[in-house]
Amino acid sequence: MAPERDSTRERTLAGATAAPRPRAPRLDQPRPPRRRIVPEWDPEAFGRLSERIARFLGTGRFIVWMTVVIILWVVWNVAAPVALRFDQYPFIFLTLMLSLQASYAAPLILLAQNRQDDRDRVNLEQDRKQNERSIADTEYLTREVAALRTGLGEVATRDWIRSELQDLVKELEERRRHDGHVVFPAERAERSHGRDADDR
């Protein structure tokens, strides 16, 4: 009995101290996010920022401020005491700053233009769909109006019925004049009532 207990104890200890098997990823749960070395940014926020910068770069205010800064830079490095000058006559540092500003401004402007192109493409697609719907509605209404006109051409209008009735009345009056017979029953009833009154 004792040796069996010792062997089971050894098995459990060996099983407890053994390295656990790696778990297979569960398919019903999303994977945990991985850590990335490259910094992440929100493309929408970055795009909005690039559009704001591009709008500012395309204004007269930016040109005025840049001109003022360049003039102050040149005046300071020409007129200030030699010990306080930070960029001597060829103004290499100023050239470097302007090149850096241009190298950042060009991609930002291109990014803003790409976003504007995407918006224009979406707007054009929506306008195209709206135009297609408007054309379809117009064609439907045109067909309905044509069907109504066709239907109204076959319907007797009030003026047509009036003219037909007037023609019939004229025709009946002409017959009465030629034959001397009373055609209208109302006239016949009036005449018979008149005769009855005379007889009385």
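Trainee: Is F62 buried or exposed?

Mentor: This is a predicted model, in which local features need pLDDT of at least 70 and side-chain atom pairs pLDDT 80 or more, while totals for chains, interfaces and linings use all residues. Residues are numbered from 1 along each chain as its sequence is written, and side-chain values use heavy atoms, without hydrogens and water. Buried means under 20% relative accessible area, exposed over 50%, and partly exposed in between (1.4 Å probe, protein chains only). The relative accessible area of F62 is 15%, so this residue is buried.

Trainee: What kind of pair do the rings of W73 and F86 form?

Mentor: Rings of Phe, Tyr and Trp (its six-membered ring) pair if their centres lie within 6.5 Å; planes under 30 degrees apart count as stacked, over 60 as edge-to-face and the rest as tilted. The centres of W73 and F86 are 5.0 Å apart and their planes stand at 75°, so the pair is edge-to-face.

Trainee: Which residues do ring pairs link into a cluster with W73?

Mentor: By the pairing rule, the count comes to four aromatic pairs. Ring pairs join W73 into a cluster with F86 and F93.
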